[in-house]
Structure formats: structure tokens, C-alpha cells
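Biologist: Can we go through this one together? I'd like to start with the charged pairs, then move on.

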Amino acid sequence: MKSAVFAVFKKELKRFFSDRRMVITTLLLPGLLIFVMYNFMGNAVTNMIDGGEEKYVINAVNIPKSIKMITEQEQIGFEINETDISELQAVKDSLKDGEECDACVVFPEDFDTAVSRYDSHSGEKAPEIKIYYNSSSAQSAAAYQTLISMLDMYESSMINKFDINTGNEVYDLVDNKDMTGQVFSMLLPMLLMMFLYSSCVSVVVEAIAGEKERGTIATMLVTPAKRSHIAIGKIASLSLIALLSASISTVCTIASLPALMGAESEMISGGVYGIKDYLLTALIILSTVLVMISLILIASAFASSVKEAQTYIIPIMIIVLAAGISGMFGNPPDRSALYLIPLYNSVQCMSGIFSFNINYANIVITVISNTVYTGLGIVILTRLFNSERVMFSK
Amino acid sequence: MFFTETILTADKLTKTFKLSAKQQRLEKTKNKTITAVDGLSFSVNEGEIFGLLGPNGAGKTTTLRLLATLIRPDSGDAFIKGFSIVKEPEKVRENIGFLTSDLRLEDFFTPNYLYDFFARLHNVPEEISAERKKRLFDTFGIGDFAEVKVGNLSTGMKQKASLAISLVHDPSVIIFDEPTNGLDVITAKVVTDFLKELKRNGKTVIISTHIFSLIEKVCDRVGVIINGRMAVCDTIQNVADGKSLEDSFFDIYSERVGGEV
Ligand SMILES: Nc1ncnc2c1ncn2[C@@H]1O[C@H](COP(=O)(O)OP(=O)(O)OP(=O)(O)O)[C@@H](O)[C@H]1O
Ligand SMILES: [Mg+2]
């Protein structure tokens with residue numbers, strides 16, 4: 001009679017894999033979307049940090065040698081037009097109209113000598129630099145800010161008493177293991193939960209509510225096949241599909257996370273984890289999928305149509321989301337009892353694995369309790385298959 | 001007189017459904033429940049074709065679903081080949097073939113695939129299944145569309161495929177709800193001819209219908225159901241009582257429900 005499990009299992013897989021639309025929307029599209037989206041988001045973030053390639057056009061009157069040298073450095077991003085004091089009014093007018101230049105700096109004549117001669121204790125007026133700009137233009141305002149910080153830096157370098165971190169050494173001692181651990185343990189568990197959920201939901205709802213809606217499940221129920229075998233066959237095949245879809249999404253995520261993190265990208269790589277970490281994660285994911293599929297199957301068994309099922313499973317989606325978000329805050333708890341809570345336990349275990357705080361006892365509790373919940377799910381589903389109120393409600 | 005053996009006995013089968021508010025409105029009733037089958041008793045002899053005749057809503061489909069163990073009776077029981085539909089539903093399912101219009105085949109698969117799938121659910125050995133499939137597909141001319149997805153088949157083709165698939169396990173009792181509904185005269189004839197052939201092969205057939213001619217053509221005995229109760233249950237000749245079956249049905253109906261039809 002075990003052949004019924006296998007027959008149902010094979011049928012569900014065939015149903016899925018020979019439906020091109022289904023394969024594309026559940027297997028290929030999510031992975032592709034993740035890859036494109038993360039790379040796009042990553043680029044956007046990087047561009048924002050770099051501030052683009054544009055240079056600020058600055059008109060400078062009486063620009064001293066010392067300052068000129070600084071502005072000629074590549075990364076400052078100034079294009080300096082030396083201007084005579086007689087042209088000042090014309091430059092100010094063009095600034096008002098927001099044309100040609102972004103700011104105009106006026107240095108006193110002999111700025112360098114005046115500065116070196118100046119004694120701050122003398123009570124005399126310090127040499128004054130004037131910067132004209134137009135705050136209605138973002139470009140001009142930015143040029144103004146950049147000029148101020150450059151000049152401030154120049155000023156403090158003149159009264160330099162000590163330096164911090166000016167050598168060529170690496171001062172931030174974070175290594176890529178810690179960095180990856182931090183990023184992965186915060187983001188991946190939540191993302192994985194979302195992928196698992198979204199990858200199985202449409203297929204699962206289809207497999208029960210869809211069959212009920214079209215009256216095909218009753219055809220199966222008049223055969224002597226045990227209801228429990230039908231339930232197991234469904235859960236197993238749907239789990240396999242969900243796992244496949246989720247692994248594609250996961251691989252795409254791990255491949256795109258460096259791009260998403262932009263500046264720190266060299267520090268982040270899935271390569272810091274060993275085989276053991278990946279195997280443990282796979283084990284957790286497998287047990288999670290079984291629980292999730294059982295939950296969605298049960299909820300959609302009550303619905304008489306796919307549409308109805310989609311509203312019945314909303315609470316499950318919220319729980320999955322909440323469990324996923326719980327992984328973003330703080331370290332995984334040590335209290336073992338907490339690992340009896342389905343979905344939450346998976347997120348916390350994964351969080352622990354990704355941050356290199358593996359607690360084997362809690363992983364074992366998670367896997368065992370998830371297996372028990374799946375068993376319970378099979379029992380409930382079998383009951384539902386036997387219940388005419390559920391299966392043949394009008 | 002032949003010695004006939006009873007293969008099916010229904011004993012005071014009763015089935016009540018709860019009505020939702022929407023159904024109450026549709027049925028124009030204030031009752032919270034509806035008794036679809038009300039203490040129904042009858043028996044079917046081995047090797048005969050038995051017809052359940054009744055107007056819409058009489059409880060024919062509900063009765064057949066009870067026999068097929070898809071739903072459970074509130075009280076009463078029925079025995080098919082000695083197996084109780086209440087206590088041994090799996091044994092009953094092994095021995096019956098059941099076909100109604102609300103048992104459908106998945107649009108996505110071909111008749112060929114579905115035949116094999118259901119043969120596996122019925123635990124039919126591979127070689128026997130292949131040989132039986134060939135015979136059934138030949139009978140119904142399914143060969144031409146065996147590899148076409150069910151969703152692309154016409155109503156008649158679907159019905160033929162469903163018929164073949166309900167017989168994958170060569171059941172000895174075959175239960176058909178409205179077997180010719182929605183079929184053209186030619187396809188309907190294929191089906192009625194097949195019912196007779198099943199009988200020739202020693203099978204017991206139970207059909208439900210509201211079509212008098214079908215009963216007259218194929219049935220040995222008929223049970224007339226009105227409002228979930230058995231009004232008469234006898235051979236066609238005895239029920240017709242010298243008149244046409246239709247006329248005597250109206251007599252029975254007005255006698256039961258009261259007033260002219
Ligand atoms: N699942 C259900 N829930 C509620 N009421 C039901 C259900 N199934 C059947 N009924 C009701 O039971 C009564 C008998 O229905 P049934 O389908 O058995 O009639 P039938 O004789 O097959 O009629 P028809 O010739 O129209 O097919 C009807 O009033 C129907 O509305
Ligand atoms: Mg009916």
C-alpha cells in the first residue's frame with residue numbers, strides 16, 4: 001500500500017515539472033529577480049556613497065599656492081577657475097542664475113603669509129575667506145559644504161599637535177569571517193523564511209484547494225488508498241519543490257549579498273562557512289519546509305477554492321514574517337524551551353549557525369520538534385481527508 | 001425461479017445535512033437541516049442492473065455517495081459484499097467502482113497517465129493493469145485521445161475516460177450517478193451498451209437517473225426515491241404495472257407528495 005505514497009508523490013512532481021508556467025514562476029523567476037534586484041540595489045547604494053563622478057566648478061580669487069595644491073588632488077573633485085577680483089560681480093551674478101560655476105571663493109591677498117603671521121592670542125581679526133554660493137542649487141550647496149570641510153581640515157592641519165590613523169596599516173581589525181557572520185546572521189534567516197514561504201505557497205494551495213475546487217481530490221478518495229498515504233505523498237512532493245525553489249533563491253541571495261552590501265563587499269563571502277555549517281543549515285531548512293508545508297496544506301484544506309485558501313493562509317504568512325524578523329534582533333536565546341516553537345526555532349538556529357554560535361542541543365531540539373509537528377500535520381491532514389464536512393462542503 | 005444472491009443491502013440509511021444561511025435562502029426553507037436520505041432500505045442482487053429513479057433533489061446522489069463511502073450516514077448502514085460502509089470503508093472501496101459528475105479527472109494529465117496513476121492507487125499489478133487498460137481503452141475508443149490532456153477533451157471523451165478509470169481495479173459492484181448526463185445519443189449508447197456488457201460479465205451495476213428510458217432500456221429492477229424515502233422497489237414490470245414507467249411514476253409521485261403533478 002506504500003505504493004500510493006509514491007504514486008501521489010510522482011504525480012505531484014509531474015504536475016509541477018511539466019507545467020512550464022509553474023516552473024518558471026516558482027523556480028526561475030524568484031532567483032532571477034533576487035539577483036537583479038540585489039545587484040541593482042547594491043549599485044544604487046554604492047553610487048550614493050561615491051556621490052557620483054561629477055566635479056564642482058569653483059571660481060577662486062587670489063587662490064594661494066597651499067590651497068591650490070590641495071584642490072589639485074584627484075579625490076577632492078574641484079575644478080578651479082582662477083578669477084581676477086574685477087570679475088567678482090559677474091561671477092556672483094552667474095551664481096545667482098545657477099549657471100557655469102558652483103561656488104566662488106575669495107581669499108585675501110597674500111593669504112599664506114597672513115595666516116602664518118597671525119597669532120590667535122593677539123586679539124586681531126583673523127584673515128577672512130569668503131565663499132559665495134547658491135543654496136537653491138543642490139550642487140552649489142554641496143560644493144559649499146565640501147569647500148568648508150576642506151578648509152577646516154587645512155586649518156586644523158596648520159595647528160597640528162597629533163595624528164590619528166594616518167599610516168598605511170589596516171586599523172579596523174574586523175576580518176571577513178566576523179563581517180560575513182554579522183551580515184548573514186541578520187539577513188539570511190529572514191530572507192530564507194520568506195523564500196521558503198513564497199516558494200511553496202502557490203503550489204501547495206493549488207495542490208489541495210485547487211483540487212477540491214475542481215473536484216479531482218474526491219476521485220482519489222474513492223480509491224482504497226489510505227488517506228494518510230495521500231497526505232504523506234503530497235507533503236513530501238510539495239516539500240521537495242519548495243526546497244528546490246528555496247535553494248535557488250538562497251544561492252542567488254548569497255551570490256548577490258556582496259553586491260548588496262556595496263562598500264564592504266570584499267569582506268562578505270559565503271566561503272567563510274564550512275561544509276558542516278551548510279549541512280546544518282540544510283537540515284534546519286528541510287525540517288522547516290516540512291512544517292510550513294503542513295501548515296499551509298491544512299489551512300488550504302478548509303477552503304473550497306484557491307481564492308478562499310489565499311485568505312486562510314494570511315495568518316501563516318504573518319507568523320512566518322514575525323519569526324523571520326525575530327532573527328534580526330539580538331543573539332539567539334539559550335533557553336532550550338524556546339526551540340520548541342516552530343518557525344521561530346528555525347530562524348534562531350540559522351541565526352546561530354551564521355554567526356558561528358552553533359548550539360547543537362538546540363538544533364537537535366528544533367529538528368526533532370519540527371519532525372513531530374510534521375507528523376502531527378499528517379495526522380490532522382488525514383483527519384481532514386476523512387472529514388466530509390471539510391472535503392465535500394458546498 | 002433463479003436463485004439470486006444479495007450483493008448489497010442498505011439498511012435504514014439516513015443522512016442529514018446542515019444548511020448554511022445561503023443554502024436556506026436557495027432552498028427557500030427556514031429549517032437549519034435537510035434530510036437528504038431518510039431511512040432508506042433496499043437490496044441489490046448480484047449480477048443485475050439496479051436503477052435509482054427520482055426527481056431532482058430526491059437524494060439519489062447522496063445515497064450513492066453513502067454507498068461509495070465518500071460520506072458517512074448519520075444512522076443505518078449498508079453492506080457491499082458483506083463489508084460495512086461504516087466500519088470497513090477501505091474494503092468497500094476495493095470492491096466498487098464509483099463514477100459521478102462531481103468526481104473529475106485532473107485537466108492537466110492525459111487519460112493514459114491517469115489510468116496508470118489510479119491503477120497504482122488501487123494496487124493493481126503492473127501486467128494485469130496494462131492488459132486491462134488496453135481492453136478498456138479499446139472498448140471506449142480512448143486510444144485516439146489517450147495522450148491528450150483531459151482539459152482538452154470533449155465532455156463525451158472525458159466521460160469515457162472517467163468510465164475506464166473507474167474500472168481500473170475490475171470492481172464487482174459498479175455505481176454510476178447519472179451515467180449518460182450531458183452525452184449525445186451516440187456516446188450515451190456506448191455507455192448503455194457498456195452497462196449491459198458489464199452485466200453480461202457478471203458485474204452488478206447500480207445507476208441513478210431521472211431518465212425513464214434509460215431505466216427501461218437497461219435496468220432489471222428499479223427503486224423510486226422521493227424526498228429521501230423509497231416509494232417502491234421492484235422489477236420494472238411490477239413497478240410499471242401495465243402502464244408506461246413514466247405514467248406509473250407520476251401516480252406514485254402524486255400519491256406520495258399529494259395533489260396532481
Ligand atoms: N453537502 C451538502 N450540503 C447540504 N445539502 C446537501 C448536500 N448534498 C446534498 N444536499 C441536499 O440534499 C438533497 C438531496 O440531494 P441529492 O444531490 O442527493 O439529490 P439528487 O437526487 O441527486 O438530485 P439531482 O437529480 O438533482 O442530482 C438536496 O436538497 C440537496 O440540496
Ligand atoms: Mg444527483
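This is a predicted model: local features need pLDDT of at least 70, side-chain atom pairs count only at pLDDT 80 or more; totals for chains, interfaces and linings use all residues.

Biologist: How many salt bridges over all chains, then?

Modeller: The search of the whole structure gives 21.

Biologist: And how many across the interface of chain A and chain B?

Modeller: Two, by the rule. In one, A:Lys11 pairs with B:Glu106, with the closest N and O atoms 2.6 Å apart. A:Glu388 and B:Lys15 also form a salt bridge, at 2.7 Å from N to O. A:Glu388 sits in helix H15 of chain A and B:Lys15 in strand E1 (residues 6-18) of chain B, so this pair joins two chains.

Biologist: What about polar contacts across that interface?

Modeller: Seven residue pairs are in polar contact there, both residues at pLDDT 80 or more.

Biologist: Which elements of chain A give two or more residues to the side that touches chain B?

Modeller: Helix H1 (3-17), helix H8 (217-221) and helix H15 (388-391) of chain A. H1(A) gives the largest share, eight residues. By class, that side of chain A has 11 nonpolar, six polar and 12 charged residues.

Biologist: How many residues are in contact between the two chains?

Modeller: 29 residues of chain A contact 28 residues of chain B.

Biologist: What area is buried between chain A and chain B?

Modeller: About 2,800 Å². Carbon and sulfur atoms give 62% of that area. On the chain A side, A:Val222, A:Pro224 and A:Glu388 supply 22% of what chain A buries against chain B.

Biologist: New topic. How do H5 and H7 of chain B pack?

Modeller: Helix H5 (residues 126-140) and helix H7 (residues 185-200) of chain B pack at an angle of about 135°, with their axes 10 Å apart. That angle makes H5(B) oblique to H7(B).

Notes: Residues are numbered from 1 along each chain as its sequence is written. Chains are lettered from A and ligands numbered from 1 in the order in which they are written. Side-chain values use heavy atoms; hydrogens and water are left out. Axes are lines fitted to C-alpha atoms, for helices over the stretch in contact, and angles run from 0 to 180 degrees between N-to-C directions. Helices (H or I, at least four residues) and strands (E, at least two) are DSSP runs, numbered from the N terminus. Angles under 35 degrees count as roughly parallel, over 145 as roughly antiparallel, 65 to 115 as roughly perpendicular and the rest as oblique. Contact means heavy atoms within 4.5 Å. Buried area is the accessible area (1.4 Å probe) that two parts lose on being put together, summed over both. A salt bridge is a side-chain nitrogen of Lys or Arg within 4 Å of a carboxyl oxygen of Asp or Glu. A polar contact is a pair of N or O atoms within 3.5 Å; within protein, one must be able to donate a hydrogen and the other to accept it, and residues adjacent in sequence count only if both atoms are side-chain atoms. Ala, Val, Leu, Ile, Met, Phe, Trp, Tyr, Cys and Pro count as nonpolar, Asp, Glu, Lys and Arg as charged, and the others, Gly among them, as polar.
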